[in-house]
Amino acid sequence: MTVTNSRILTVYPNCSMGGMMTVYRNRVVSEPANHHHLVFFKDFGASSVYDQFPNTRVDIVKKERLAPYVELAALEQHYAEIRITSLPELSNLLKNRGSSRLVYEFHSSDETVLRKELDVLALSNIDEIRVPSQYLAEVVKSLVPQDFAFLVQVEKNLVDLTVFSAEGTTGTWNMKSGIRPLIWVGRFDKGKNCRDFVRALSLLTPEFVGVVVVSMEDSPDRMAGFLADAAAYGVSHRLEVMMNLAPADVASLYRYARDRSGYFVSTSLGESFGYGVAESMATGLPAIAYSVGAIEERLSDWGSLELVPVGDIEELANRISASPMM
Amino acid sequence: MLTWSLDTREEAAILRQNSSAFQVTSATPSHFYTLANRTVGNFLVPPDASVIEFVPGQKIILRGQVEASPGIETAWALIGYSAEGEPTVALETNGSMSVELETTADTQFVSAALRVKGKGDVNAREIEIQAIDAYPIGEISRVISLEDCSAVEISMLAYDSNPLQPASALLTFSFRDESGAIVHPIGSSAINGKLGAYTYVNLGNIHSPAETKITVDVPPSSQFLHISGVPWKHGRQVVVLGSPHVRKIEKNRSELQTTEDGIREFIDSIPEDGHLIVFYTTAPPLGHETLALRPNRLAKEYEKLGKWIVFFPFSKVTPGTESHSEKSHQISRENMGIFLEAVAARTGMRNVFICSSFPDIQAVAAFDYLKLHNWQLIYEVRDDMEEFNRVGYSKWFNPLLEQRIASRADKIITVSPRLASKMNVISGRKDSIVVANGVASELVSDAAPLRVSKLYAERDASTIVGYIGHLTPSWFDWTLIISAAIERPNWTFEIIGHGMPDNLVLPKNITFLGPKPHSEFVEIAARWKVGIIPFKASALTYAVDPNKIYEYLALGLRVVTAAMGSVALCPVTHVYEHRSEFVQELSDAMQAEMGTHDQEAIEEFLKQVTWDERAYTMLSIFDDTNKKRR
């Protein structure tokens, strides 16, 4: 259900530069007629991302005050929708919400996470379960009682086309001539599977250089694990690590890679949407990805996407290697 | 202004008085009145004027401390008179220190008095009569304009009029925007799902009303605040005195400007050919002279030399202190992404990023990002962070991250030969440079009067050995000092600092002076003959280049120190490699005289080791890298 000219309250635990920031930021940009009130309880310093948007308000509320806060907001403000992610207990507490629709959102492709939340979630208290892809809709429908399957609706995530477009600057990135950048975006966790990217890089000729863009990383050990992998596969000198880049910077990096015959590479083992793939394609940077989760649905987006059977590192490297230098 | 008189002149007298106090002596067992601003003791007769100006309907409160001889009874009284002269009396017996009178639309005058009964003396003081609005809590309804306010402080007095049935009440806060629409409160306030932001009202009793004071954060875009009183449990009996006092707390510059805007504005203010130096460091924020470490000192010197400074301290930057000066800006580490985006258009080696002993994951990423923008990257190594990590500090450290930083830096600059050697091994290179620590030129000049022949001669006779610094047994060798003190009872050891273990038994000739401010340290050290640095041998201490050796020398002290840093290059310094050599080296130092040659050596050395000299050296290294890369 599309909401326009309305107030929308969104609640999520982390105010961070993670994937949900991308989801929220793009909604704010794409729905200028809506007023977005974003409420978090863990402050990881990302509220400034929203500073520039007059149609947005960000609040950090103590976790124990979330329920009365949201109830009061619903009574006073008449939100068209209250959207909650990763907080099933809060959803259950919101009995007095006036005419506001209560939407529970899933964005994780991890079934363990989905089951854990669904075990707590009182489905009878919500008006809709919203997911960003057909793939995730099918997964969630398989996990809820059939009587509640009707609640599950797909609303595709939005890409900020004002930032991720083919037109625009390629920034001041400075690589030696002949270098072909391969961009990988994610975290150093097992699901995003950066190790396969490093392995694929090791199979490629030296003109290919990896640029790993991470966010929400604060573990020195995980970064050290990545660096150890890079050293073990002999590609330390062909890997650049970026962290918490602003969307405009990421977009300029994509365009820079596009102009140097690079690729966006996804070695993720599960995707509920595939934001990185969608955004890189929007800038004209071709993407190549393991075919998992909702990635296949990105084939219908504007741009170039090649799918590789998940785990086939050689095939991934061969496809990249075979692509011509423009 | 109150003038006091008695309704009897024969058996009582006022001994002394002023407007807010009086002393009365009584020789009669009967009662009489001490009257305020009237002389007629018959209260059926209205006064010529009211004891206080008031608006009919206000509450009159008289408060006054009374001390009386044993057996004397006192009671404050207020008498209200209608236009027809009809009196209404409020009298508080039982030694109460206050009395209240409710006025009505008909009340025209008010009189005040103290009733006294019995023989002896009465002292009344701190007498105060007020006419105030007093009304039920539910009548509070006030709207405040909030332009450019970050918070509002509200205070008020209230009491529970029926202590036998304890009541409670709330103040609620409702924010509105320019159009009058409700703005939701910030989550820092207590919130009720129906009433919104609120606080409980503190309640005293009628004689001692309690103050409620609360600071309410103002949400962005709100223009008005509506404060309401809400009776809660038996709340109708809650009485508020006077109008709530409201103080607006104005937004500071950082609140009027977003973090992003502040960073962008500063970066945009730097000319394209300006020399920008960025510190990413474990040091504290700029502006705390006593806490300043090498990065703080050098940032100050670079700025004096016309450079632009961005400083990422270890701790969060307090809002309002981001703009340290026109040419230096502090940024919290969490805003590194905003900073990188803001400097993305700046390329070239005149932009220098110094990772100063802080090779964490963010530094690794910033290095790579800025390398791709052709910046100059410096790894400055002030301590052996791996050793700190080993003893439980610096949790952010990982040797692979340091290896990455060391191998990617354009230059590695360390404070000691030991660190330079280690960095060469880690990075697989051989060009790590040592630029030792230094001393503030202010200390060198301030302590110059101590470094003259006459005072050197006086201190040659001194038997005092001194130390200033951290006293943790992790590196301060207490056992060594205690055994030396026992072996040489004629020497006195004066120890300044903090972190000393609790269980030490010190011989009489070790005096622990506790922590001292720098000015006092200079005064105390003027009596010392030798300054010591008795650190335990460890990878951590070998790596250190102790700042205190430069301070000791600035104060004209001979030094005895464990081998570490660049101490071997310092004049009048006795270095011991092994603990067994300490007493002998100290003995040599205590016997040595500070001859002309030594004095000249100190002066020559001090000229080369001030922070401004160190800054020149560092800048020449940056320039050299710049030229080579070009």
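**View 1. Salt bridge between R247(B) and E153(B) in a predicted model**. The closest N and O atoms of R247(B) and E153(B) lie 3.4 Å apart. A salt bridge here is a side-chain nitrogen of Lys or Arg within 4 Å of a carboxyl oxygen of Asp or Glu. The pair joins distant parts of the chain, 94 residues apart. R247(B) sits in strand β20 (residues 238–250) of chain B, and E153(B) in strand β13 (residues 149–160) of chain B. Helices (H or I, at least four residues) and strands (E, at least two) are DSSP runs, numbered from the N terminus. E153(B) is buried at 16% relative accessibility. R247(B) is partly exposed at 40%. Buried means under 20% relative accessible area, exposed over 50%, and partly exposed in between (1.4 Å probe, protein chains only).

**View 2. Salt bridge between R451(B) and E603(B)**. The N to O distance is 2.7 Å. R451(B) is buried, with 10% relative accessibility. E603(B) is partly exposed, with a relative accessible area of 29%.

View 3. E315(A) is partly exposed, at 26% relative accessible area. R319(A) is partly exposed, also at 26%.

**View 4. Salt-bridge network in chain A**. Salt bridges link E81(A), R83(A), R101(A), E128(A), R130(A) and E155(A) into a network. Over all chains, the count comes to 46 salt bridges.

**View 5. Domains of chain B**. Chain B is divided into domain 1 (4–131), domain 2 (135–251), domain 3 (257–434) and domain 4 (441–609). These bounds come from an automatic or database domain assignment. The centres of domain 2 and domain 4 of chain B, taken over C-alpha atoms, are 60 Å apart.

**Notes.** Residues are numbered from 1 along each chain as its sequence is written, and chains are lettered from A and ligands numbered from 1 in the order in which they are written. In this predicted model local features need pLDDT of at least 70, side-chain atom pairs count only at pLDDT 80 or more, and totals for chains, interfaces and linings use all residues, while side-chain values use heavy atoms, with hydrogens and water left out.
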